[in-house]
Amino acid sequence: MHPPAFTSQKLAKSLHIPGRQVMKSILLKGPQGFFLAVLPASQVIDLPRLGRHFNGSVRLATAQELGDLFSDCEFGAMMPFGQLYGLPTILEATIPLETTIIFEAQRHAVAIRMLCRDYVKLEHPECLAFARNRTAPDQTQGQAG
């Protein structure tokens, strides 16, 4: 347990760890339906890049869609286990398997810590390079996260 943190960056700060170790889970919708994207808190999703990979438009899920699919989670505290919800999961490919990752566990005051390698063994996500480091606010066109 830790003090509630309502963003991945605030979770990293409250746990005194780098943002690249805290994973955020983002619900997206593409041509084949919904999927979960997992990436470091310090990065953003390149939606056009994902669109090219999936051969069609990719967008952020709406608040209503999030609530419908993750009704057992506090808003924004989704775990990175899409399989539990019947969803495919993609993982940012640049995360080293030996890295310790931290992610929220359905509540903003609960976090789980594990090796990325163990997460991959449990979830079997598709590993793709779809994220980039945050840029200045005026350069966020087409980014999510």
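**Entry 1**

I began with S25, which touches L36, A37, V38, M78, M79 and P80, leaving aside residues up to four places away in sequence; contact here means heavy atoms within 4.5 Å. The model is a predicted one: local features need pLDDT of at least 70, side-chain atom pairs count only at pLDDT 80 or more, and totals for chains, interfaces and linings use all residues. Residues are numbered from 1 along each chain as its sequence is written, and side-chain values use heavy atoms, with hydrogens and water left out.

I located S25 in strand β1, residues 23-30. Helices (H or I, at least four residues) and strands (E, at least two) are DSSP runs, numbered from the N terminus. S25 is buried, at a relative accessible area of 11%. I use buried for under 20% relative accessible area, exposed for over 50% and partly exposed for what lies in between, with a 1.4 Å probe and protein chains only. The S25 side chain reaches the backbone oxygen of M78 at 3.5 Å.

I then looked up P40, which lies in strand β2, residues 33-40. P40 counts as buried, at 5% relative accessibility. Its C-alpha is 6.1 Å from that of K24, although P40 and K24 are 16 residues apart in sequence.

**Entry 2. The chain as a whole**

I noted four helices and 10 strands in the protein chain. Read from the N terminus, the order of elements is α-β-β-β-α-β-α-β-β-β-α-β-β-β. Of the 145 residues in the protein chain, 48% are buried. Among contacts between residues at least 6 apart in sequence, 62% join residues at least 24 apart. The protein chain exposes about 7,500 Å², and carbon and sulfur atoms supply 56% of that area; accessible areas come from the Shrake-Rupley method with a 1.4 Å probe, and for residues only the protein chains shown count as cover.

**Entry 3. Salt bridges**

Side chains of opposite charge can pair when their charged atoms come close. How many salt bridges does the structure hold? I recorded three salt bridges, each being a side-chain nitrogen of Lys or Arg within 4 Å of a carboxyl oxygen of Asp or Glu.

D46 forms a salt bridge with R132, and the closest N and O atoms are 3.0 Å apart. D46 lies in strand β3 (residues 43-46) and R132 in strand β9 (residues 131-133), so this pair ties together parts 86 residues apart in sequence. D46 is buried at 10% relative accessible area, whereas R132 is partly exposed at 32%.

R59 and E65 meet through their side chains in a salt bridge of 2.8 Å, N to O. R59 is partly exposed at 32% relative accessibility, and E65 counts as buried at 17%.

R117 forms a salt bridge with E98, with the closest N and O atoms 1.6 Å apart. R117 is in helix α4 (residues 116-123) and E98 in the loop between β5 and β6, so the pair ties together parts that are 19 residues apart in sequence. R117 is partly exposed, with a relative accessible area of 32%.

**Entry 4. E104**

I found E104 in strand β6. E104 is buried yet has no salt bridge. Which side chain of opposite charge is nearest to E104, and how far away is it? R107 is the nearest, at 10.0 Å; Lys and Arg count as positive and Asp and Glu as negative, while His and the chain ends are not counted. The side chains of E104 and H108 are joined by a polar contact of 3.1 Å. A polar contact is a pair of N or O atoms within 3.5 Å; within protein, one must be able to donate a hydrogen and the other to accept it, and residues adjacent in sequence count only if both atoms are side-chain atoms.

**Entry 5. Aromatic pairs**

Rings of Phe, Tyr and Trp (its six-membered ring) pair if their centres lie within 6.5 Å; planes under 30 degrees apart count as stacked, over 60 as edge-to-face and the rest as tilted. By this rule I have five aromatic pairs. The rings of F70 and Y85 have centres 4.4 Å apart and planes at 50°, so this pair is tilted. F70 and Y85 are both in the loop between α3 (63-69) and β5 (89-92), 15 residues apart. Both F70 and Y85 are buried.

F81 and F103 form an edge-to-face pair, at 5.7 Å centre to centre and 75° between the planes. F81 lies in the loop between α3 and β5 and F103 in strand β6 (residues 100-104), so the pair ties together parts 22 residues apart in sequence. F81 is buried at 12% relative accessibility, and F103 is buried at 1%. F81, F103 and Y119 form one aromatic cluster.
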